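Please read these points with the model open beside you.

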Amino acid sequence: MISSLAAVAIIAALDLLFPPPLSRAENLSPLVTDRNGEWLHAFATPEGRWRFRADLETIDPSFVERVIAVEDKRFYAHPGVDPLAVLRAGFSSLASGEITSGASTITMQTARLLEPRKRTIGAKLVEMIRALQIERRLSKKEILELYLMLAPYGGNIEGVRAASRLYFDKEPTRLTDAEQALLIALPQAPEARRPDLRPEAAKAARKEILRKLAEAGAIKENRAVEAADARLPSARHPLPRMAYHAARRLAFSDKPGVVASSLDASLQARAEKMLADYVGQFDDGATAALIVIDNKTRAVRASVGSSGLDAQGGWIDLTAATRSPGSTLKPFIYGLAFEAGYASADTVIDDMPRAFGDYAPENFDHTFRGEVHVREALQHSLNVPAVRALDRVGAVRFASVLRAAGIDLKTPARADKAPGLALALGGAGVTAQEIAALYAGLGSDGEVAPLVWKAAQEKTPEDAYRLFSTKTAARISSILAGAPALEGRAPADLSRRAVRVAFKTGTSYGYRDAWAAGHGGGYTAVVWVGRADGAPRPGATGRKTAAPLLFDVFDMLAEEGVTQGNIEDLEGEAPAIALARFERAEDAAPPQIIFPRNGVEIYLDAERRGFSLAARGGEGARRWYVNGEPVTPEGTGGRAVWRPDHAGFYDVTVVDEAGRASEAKVRVVAG
């Protein structure tokens with residue numbers, strides 16, 4: 001009795017010490033689908049295999065029944081090893097003098113697939129032990145799924161899902177009799193029976209399986225005969241290869257498996273073809289990128305990182321590459337000026353030669369128009385008025401607000417200097433994805449939120465940052481929608497199908513980046529055209545090079561029937577006397593921070609009572625920011641109290657009503 005218990009204990013201990021290598025089942029081919037489950041892009045395993053998880057709920061049940069009928073008819077009755085099959089195989093071998101039957105159950109075959117060995121009697125004994133271990137850990141359903149995931153089907157194909165996709169170009173949800181028979185026959189001799197290399201052997205093996213199924217009563221005789229003559233697949237079908245850049249990022253952001261993206265396969269396919277065809281007109285090594293956003297949820301519906309993997313720099317995701325935005329940020333400068341009460345759409349602003357310190361911007365066409373309304377300045381993308389507006393808003397404040405909205409402006413390192421007025425004309429790096437987030441916010445009542453890439457995360461944004469009021473967002477959108485139509489294109493108001501688009505173009509210094517961004521019909525689209533290496537393309541402006549593709553995208557959205565709503569054409573409003581002209585006092589000094597001084601260390605006490613921020617000088621009321629986040633005034637006197645939540649380094653900024661700013665870099669030390 002004691003010896004029996006000891007033996008059981010030893011076996012249990014060995015089982016725990018040497019478990020079956022089930023972890024191999026987690027080494028899958030990453031697969032990215034669209035929001036409806038349609039395949040976009042799959043990637044091979046690190047060993048170059050195609051292997052996808054098998055789910056019995058999505059596999060033809062008659063196929064599963066027939067696999068069991070041929071491979072292991074007592075599968076549900078034995079504990080991993082079938083004693084009757086072992087005895088039958090033993091007697092058969094003794095009678096014939098050679099091994100005629102392996103007696104391998106599906107569980108034993110699964111054990112061999114998990115831990116391949118040379119086919120010997122010793123290896124067979126190990127398979128039996130492993131099969132018992134597997135049965136103790138997994139259900140019969142899980143064992144079947146594991147087998148159907150690992151079974152070899154020739155070359156680098158493993159598992160029924162990969163085989164069905166590559167041989168039949170479909171999921172194994174509904175398989176014909178001929179397809180089922182071939183998929184049952186292949187794992188028994190995958191290389192010898194590959195239909196794309198050895199069709200005669202594959203056909204013979206399929207016929208033999210059909211005969212066995214007919215004998216077992218799993219298929220009618222006439223259907224078996226008909227299936228035996230069915231056409232074999234002569235070559236592999238290519239797996240879908242859409243949205244390479246977005247799919248690769250999603251596929252390798254988590255453990256290998258299936259990732260349901262927010263992309264729409266139909267829109268993605270059309271966008272990729274449209275962009276590739278469009279870039280075909282260029283012969284200077286140019287490529288392009290585009291991204292389409294559903295404004296309601298900020299879900300990315302299409303993302304094309306380049307014109308093709310064979311293009312120059314085609315492997316780079318140019319929707320995520322940092323480039324100069326040109327004039328695409330101008331609407332947001334004016335929006336902040338509207339919010340602060342510095343201007344309205346009909347405020348008169350000077351477009352005249354002007355120097356801002358050592359910075360003297362010029363308009364793109366090197367001409368000046370004198371007095372213009374802000375509406376016209378934005379619609380015609382005049383540079384001097386935009387710089388004037390940024391000078392009033394404050395470059396530091398503008399950069400801080402954008403960063404608070406999630407836009408990571410890449411500004412040149414200039415001896416620790418604050419962002420400058422060149423921001424108005426593209427003097428900071430952004431990505432197409434960030435521009436898309438801004439314009440989607442403009443089309444969503446002024447609230448900017450992160451882009452959504454996974455279907456499971458689609459919902460109305462809860463963490464949106466209010467960049468503008470709803471009124472300001474509507475007015476900026478109305479101005480942009482009233483910009484001059486592209487040459488050769490009728491205004492949207494004259495076309496029943498066209499979507500009215502609030503759009504802005506941009507061209508970076510030296511013609512390196514051509515942009516067009518806009519929103520309309522509930523969607524936002526951003527187009528970038530240029531060379532991946534950043535080389536100049538003389539004459540390639542955003543309006544000439546990128547805008548036509550942007551409007552093609554919105555036409556595509558209208559054809560797909562997904563657009564809804566339109567941009568209202570708001571009537572002009574007479575500005576208040578204070579806003580009639582855009583002016584500012586040139587000789588006023590910016591506010592100076594009294595506390596905390598630049599470069600000091602301040603101590604945070606245990607009660608964390610906070611610090612009263614103080615400044616002198618400047619114009620009017622002051623606003624405070626810490627690391628770009630506004631400090632909310634407290635008490636009846638509106639005192640600015642900063643309450644840091646942890647020790648560390650902070651940037652404290654004060655901005656007056658004229659947009660002048662001062663900054664202090666301080667360190668908070670726990671007291």
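1. Angles between axes under 35 degrees count as roughly parallel, over 145 as roughly antiparallel, 65 to 115 as roughly perpendicular and the rest as oblique. The axes are lines fitted to C-alpha atoms, for helices over the stretch in contact, and the angles run from 0 to 180 degrees between N-to-C directions. Helices (H or I, at least four residues) and strands (E, at least two) are DSSP runs, numbered from the N terminus.

2. This is a predicted model, in which local features need pLDDT of at least 70 and side-chain atom pairs count only at pLDDT 80 or more, while totals for chains, interfaces and linings use all residues. Residues are numbered from 1 along each chain as its sequence is written, and side-chain values use heavy atoms, with hydrogens and water left out.

3. The axes of helix 8 (residues 177-185) and helix 9 come within 8 Å and cross at roughly 105°. Helix 8 and helix 9 are therefore roughly perpendicular to each other. Contact means heavy atoms within 4.5 Å. On the side of helix 8 the contact is made by Asp 177, Ala 178, Ala 181, Leu 182, Ile 184 and Ala 185, and on that of helix 9 by Ala 202, Ala 205, Arg 206, Ile 209 and Leu 210.

4. Helix 9 (residues 199-215) also meets helix 10 (residues 221-228): their axes come within 9 Å and cross at roughly 175°. From helix 9, Lys 203, Arg 206, Lys 207, Leu 210 and Ala 214 meet Glu 221, Ala 224, Ala 227 and Ala 228 of helix 10.

5. How many residues of helix 4 (residues 106-114) are buried? Nine of its nine residues are, where buried means under 20% relative accessible area, exposed over 50%, and partly exposed in between (1.4 Å probe, protein chains only). Their cover includes helix 2 (61-71), helix 5 (121-137) and helix 6 (140-150).

6. An open sheet is formed by five strands in the order 16-24-23-19-20, with mixed pairing; two strands pair if DSSP finds at least two bridges between them. Strand 16 (601-604) and strand 20 (629-630) stand at the edges with a single partner strand each, so one side of each has no neighbour in the sheet. Strand 23 (residues 648-655) and strand 24 (residues 661-670) run antiparallel and are joined by eight bridges. In strand 24, Glu 663 stands opposite Thr 653.

7. Ser 303 lies in strand 7 (residues 299-304). This serine, Ser 303, is buried, with a relative accessible area of 3%. Beyond its neighbours within four places in sequence, Ser 303 has contacts that include Ala 243, Leu 263, Thr 319 and Trp 453.
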